[in-house]
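Student: Could we go through this structure together, one part at a time? I have not looked at it before.

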Amino acid sequence: MTRLTSLPPGGLAVVVGAQGGIGGAFLAALEEDPAFARTFGFGRRTAPPVDLVDEGSIAAAAEHVATAGPPLRLVVDATGFLHDGRFRPEKSWRDLDPAHLAHAFAVNASGPALLMKHFLPLLPRDGKAVFATLSAKVGSISDNQLGGWWSYRAAKAALNQLVRTASIELARKRRQAVCVALHPGTVDSGLSGPFAKTGLQVRSPAQSVGNLLAVIDRLGPADTGGLYSHTGERLPW
Ligand SMILES: NC(=O)c1ccc[n+]([C@@H]2O[C@H](COP(=O)([O-])OP(=O)(O)OC[C@H]3O[C@@H](n4cnc5c(N)ncnc54)[C@H](OP(=O)(O)O)[C@@H]3O)[C@@H](O)[C@H]2O)c1
């Protein structure tokens with residue numbers, strides 16, 4: 001199990017999307033990590049709940065963490081939306097549906113932006129602290145060779161821009177803090193299940209999270225504002 005050694009010990013960790021495939025593995029790993037005094041896992045079915053389309057629930061969760069005492073050292077946003085019973089990834093412009101686009105942006109971009117709004121101010125002014133949001137390589141504009149998946153790609157590209165913008169504001173008062181987007185690789189979860197083609201290397205959530213924690217541990221202030229793969233490689237926008 002990967003242990004974090006670069007963060008000042010005794011702080012708090014938060015996982016949002018803690019009931020998802022990758023989020024659940026983050027919660028399990030961080031709860032075992034002695035670097036943290038306590039780890040909070042939030043999701044739509046936790047107490048208090050966090051629903052990304054309800055800003056009040058995000059503000060209440062941040063308040064809950066703020067009153068816990070120790071400084072907040074790590075926030076992992078492992079939420080995201082690719083498909084549900086209503087919407088499937090678009091193969092063509094013929095499939096475009098404004099309701100699908102709006103939902104993809106609400107969960108993959110606006111929601112994480114609201115997490116930044118309410119959790120970034122809780123990061124301490126001294127010492128390393130990290131806000132990491134799960135994005136996806138398919139959100140990279142320069143890497144887009146295949147097309148398709150319109151809503152998801154565009155919403156993740158928007159998320160990447162939000163991360164970059166947040167990192168600039170964060171650095172003004174928190175010089176050692178880091179705000180990044182992470183690509184977990186193809187991971188066995190409800191989100192990827194219907195689309196994991198044969199030939200693709202599919203990792204377990206625990207494997208991916210072990211790699212991502214190692215990446216988080218290596219990040220320094222000079223790395224803030226970037227998109228990083230689970231391999232540690234900085235990906236192009
Ligand atoms: N799996 C992959 O291969 C892969 C590849 C690249 C990037 N990613 C990214 O990794 C992240 C985690 O994905 P995953 O594979 O772990 O998928 P997952 O198991 O489907 O988890 C998605 C999480 O998002 C949460 N969520 C969705 N809508 C929400 C809302 N309105 N409010 C609060 N939470 C909401 C879900 O909460 P509920 O439990 O309440 O439904 C769930 O915890 C996503 O950002 C995804 O885009 C995954």
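**Helix 5 and its surroundings**

Tutor: Let us begin with helix 5, residues 205-218, which has 14 residues and reaches 20 Å from its first C-alpha to its last, close to the 20 Å expected at 1.5 Å a residue. The expected span is 1.5 Å times one less than the number of residues. Helices (H or I, at least four residues) and strands (E, at least two) are DSSP runs, numbered from the N terminus. Please keep in mind that this is a predicted model: local features need pLDDT of at least 70, side-chain atom pairs count only at pLDDT 80 or more, and totals for chains, interfaces and linings use all residues. Residues are numbered from 1 along each chain as its sequence is written.

Student: Which residues of helix 5 are buried?

Tutor: They are Pro-205, Ser-208, Val-209, Leu-212, Leu-213, Val-215 and Ile-216. A residue is buried if 20 or more other C-beta atoms lie within 10 Å of its own, exposed if 12 or fewer, and partly exposed in between, with C-beta atoms placed from the backbone.

Student: Where do they lie around helix 5?

Tutor: They cover an arc of only 160 degrees around the axis, which puts them on the same side of helix 5. The arc is that of the directions from the helix axis to the C-beta atoms.

Student: And what do the buried residues of helix 5 pack against?

Tutor: Their partners are helix 1, strand 4, strand 5 (177-183) and strand 6 (227-229). Contact here requires two C-beta atoms, placed from the backbone, to lie within 7 Å.

Student: What about Gly-225: where is its place?

Tutor: Gly-225 sits in the loop between helix 5 and strand 6. It counts as partly exposed, with 18 C-beta neighbours inside 10 Å. Leaving out residues up to four places away in sequence, Gly-225 touches Val-163, Arg-164, Ser-167, Ile-168 and Cys-179. Cys-179 is 46 residues from Gly-225 along the chain, yet their C-alpha atoms are separated by 5.6 Å.

Student: Is Trp-149 buried or exposed?

Tutor: Trp-149 is buried, with 22 other C-beta atoms within 10 Å. It is found in the loop between strand 4 (129-134) and helix 4 (150-173).

Student: Ser-142 next. Where is it found?

Tutor: Ser-142 is likewise in the loop between strand 4 and helix 4. It counts as exposed, having 8 C-beta neighbours inside 10 Å. Apart from neighbours within four places in sequence, Ser-142 is in contact with Pro-236 and Trp-237.

Student: Now the ligand. Which residues come nearest to it?

Tutor: Of the 28 residues around the ligand, the nearest are Gly-20, Gly-80, Ser-189, Leu-191 and Ser-192. Helix 1 (residues 21-31) gives the largest share of the shell, three residues.

Student: Finally, how many helices and strands does the protein have?

Tutor: The protein has five helices and six strands, and along the sequence they follow the pattern β-α-β-α-β-α-β-α-β-α-β. The radius of gyration is 17 Å, close to the 18 Å that the globule rule gives for 237 residues, so the protein is as compact as a globular protein of that length. That radius is taken over C-alpha atoms, and the globule rule is 2.2 Å times the number of residues to the power 0.38.

Student: What share of the residues counts as buried?

Tutor: Of the 237 residues, 45% count as buried.

Note on methods: A residue is near a molecule or strand if its C-beta atom, placed from the backbone, lies within 6 Å of it.
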